[in-house]
Amino acid sequence: MDSTAPGAAPRGLDAFRRGWETQIGDDVFQLPAFSADTIGDFRVKGNVTKVHGAAIADLHAASATRTADAPGGDQDLVAMYVVQRGAWTLGGPPGRGEQTVPAGQFLVRHVGRLTAFETTAHLTAKFLVLPPGELKPLLGNRVITGPADSAEIRLLTALTDMIHTTVADLGPAGVEATHGALIELAKAVAKGRFDDVEPRLAPALTQAAKDLADRRLADPELSPAMLAHELNVSVRTLHRAFAAVGEQVATYIRHRRLQEARLALTAPSGGLSISELAAHWQFADSSHFTRTFKKHYGQTPTEYARSTGAASLSPNRHLPGHGPAESA
């Protein structure tokens, strides 16, 4: 759903609303009435997926939005807001005031009636609508907030990203399992901990670990133990989750480092020697890097660079010839 195209305003909201009602439906979440200034300049795009009675929306708003003063409408759902950029201010029930979810924070609460809200321009956020059955008893009247980089939110984010990617290819059993995993992780957010032996959570835990590893590939401290610590699980649990999807943690880290090193070898700007690449991507030395690279790709780093013409593209690249590092 995209109303950010040039010339979309003032019809942007109409296009977004039609898309929401067609793809998600008012039975999951009823879009409220918006203020006149929002209607006149509504530039929002979103990737929205429906899984049974749940909906996941990744939203990017170029314009600020604000609901009408009295949006009205009875609802019975659990709403979760995870804000990466900007801020989302939520009206509360009578007498309970507003709450703002700033960048880097999440908020989850039960909603019995639509309330006013507003968002800043340049908002990037994840909005989840969840059925209240198992979650409402956990929440009661509480509003739960916390950092968006908590272990539970990291797992939830990894799962929702996978759902966006795979839901169209899932059969009924897969959709049911995905919905169950989503609810389990939402419960984990509400409780501040998750069941690390719940088999339905293994794919989400694996993906969250991969996402974290991808951001830390050049970090000398990156290891299964570090990932487990960051995700608040035991190393055994992390290994078990990877094994459930047919992978190993250390193998994933090594292969991703090799992929990044291979990209660096073919980059026109270049400039790194084999020894420097080995050190940057945390291989023990250039000999170990060369052996591992050749085992994985069938060529030494220098042979690979020359086969792609990269060496000639970067005259400052000091790739060794057939010295000790290459022949080891």
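Author: The expected span of a helix is 1.5 Å times one less than its number of residues. This model is predicted, and its helix H11 has 12 residues.

Reader: How far does H11 reach from its first C-alpha to its last?

Author: H11 reaches 16 Å, close to the 16 Å expected at 1.5 Å a residue.

Reader: Which residues in H11 are buried?

Author: Ser286, Ser287, Phe289, Thr290, Thr292 and Phe293 are buried in H11.

Reader: And what is found at the start of H11?

Author: There, a side-chain oxygen of aspartate 285 comes to within 3.2 Å of the backbone nitrogen of serine 287. Just after H11, glycine 298 has a positive phi of about 80°.

Reader: How do the axes of H9 and H11 cross?

Author: The axes of H9 (residues 249–266) and H11 (residues 286–297) cross at roughly 95° and come within 11 Å. H9 is therefore roughly perpendicular to H11, because angles of 65 to 115 degrees count as such.

Reader: Which residues meet there?

Author: From H9, the residues are Arg254, His255, Leu258, Gln259, Ala261, Arg262 and Leu265; in H11 they meet Phe289, Thr292, Phe293, His296 and Tyr297. The residues of this contact comprise six nonpolar, four polar and two charged.

Reader: Where is histidine 122?

Author: Histidine 122 is in the loop between strand S8 (117–119) and strand S9 (123–130). Its phi is positive, about 60°, and histidine 122 is partly exposed, with a relative accessible area of 48%.

Terms used:
Residues are numbered from 1 along each chain as its sequence is written. This is a predicted model: local features need pLDDT of at least 70, side-chain atom pairs count only at pLDDT 80 or more; totals for chains, interfaces and linings use all residues. Side-chain values use heavy atoms; hydrogens and water are left out. Axes are lines fitted to C-alpha atoms, for helices over the stretch in contact, and angles run from 0 to 180 degrees between N-to-C directions. Helices (H or I, at least four residues) and strands (E, at least two) are DSSP runs, numbered from the N terminus. Angles under 35 degrees count as roughly parallel, over 145 as roughly antiparallel, 65 to 115 as roughly perpendicular and the rest as oblique. Contact means heavy atoms within 4.5 Å. Ala, Val, Leu, Ile, Met, Phe, Trp, Tyr, Cys and Pro count as nonpolar, Asp, Glu, Lys and Arg as charged, and the others, Gly among them, as polar. Buried means under 20% relative accessible area, exposed over 50%, partly exposed in between (1.4 Å probe, protein chains only). A polar contact is a pair of N or O atoms within 3.5 Å; within protein, one must be able to donate a hydrogen and the other to accept it, and residues adjacent in sequence count only if both atoms are side-chain atoms.
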